[in-house]
Amino acid sequence: QVQLVESGGGLVQPGGSLRLSCAASGSIVRIYAMGWYRQAPGKQRELVATFTSGGSTNYADSVKGRFTISRDNAKNTVFLQMNSLKPEDTAVYYCNAGLNSGGLYGVHWGQGTQVTVSS
């Protein structure tokens with residue numbers, strides 16, 4: 001059993017900040033990559049930021065300079081610090097991980113957490 005659970009979403013005013021967390025639990029042998037995606041109503045799901053096992057990071061152009069991805073390997077947790085939030089950032093944010101569980105590789109998704117940027 002592998003679970004990815006997001007937390008930290010909510011309602012924030014434009015220019016504000018939020019910090020998202022995603023904790024992976026279960027029979028995990030190794031996490032190869034972990035990151036964040038988002039999907040706004042009427043739009044396709046898009047990559048926000050990723051953190052590979054080798055330490056590389058990748059950000060969408062729309063969030064560069066505003067969002068920062070980080071991780072705590074001991075706790076199998078990844079974070080997304082979101083600053084200078086804009087209404088365009090409103091979406092459901094999903095945690096994603098590629099990992100080895102029970103000797104098998106698989107891609108797993110969290111249930112999502114709502115982020116709403118509005119006055």
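The model is predicted, so local features need pLDDT of at least 70 and side-chain atom pairs count only at pLDDT 80 or more, while totals for chains, interfaces and linings use all residues. Residues are numbered from 1 along each chain as its sequence is written, and side-chain values use heavy atoms, with hydrogens and water left out.

I begin with the fold. The protein has 11 strands and zero helices; strands are DSSP runs of E with at least two residues, helices runs of H or I with at least four, numbered from the N terminus. With a radius of gyration of 14 Å, close to the 14 Å that the globule rule gives for 119 residues, the protein is as compact as a globular protein of that length. That radius is taken over C-alpha atoms, and the rule is 2.2 Å times the number of residues to the power 0.38. Along the principal axes, the C-alpha atoms fill a box of roughly 45 × 25 × 25 Å.

Of the 119 residues, 42% are buried, meaning under 20% relative accessible area with a 1.4 Å probe, protein chains only. Among contacts (heavy atoms within 4.5 Å) between residues at least 6 apart in sequence, 53% join residues at least 24 apart.

I turn now to Thr50. This residue lies in strand β5, which spans residues 46–52. Thr50 counts as buried because its relative accessibility is 16%. Leaving aside residues up to four places away in sequence, Thr50 touches Met34, Gly35, Ser56, Thr57, Asn58 and Ile69.

Note on methods. Buried < 20%, exposed > 50% of the residue type's maximum accessible area, 1.4 Å probe, protein only.
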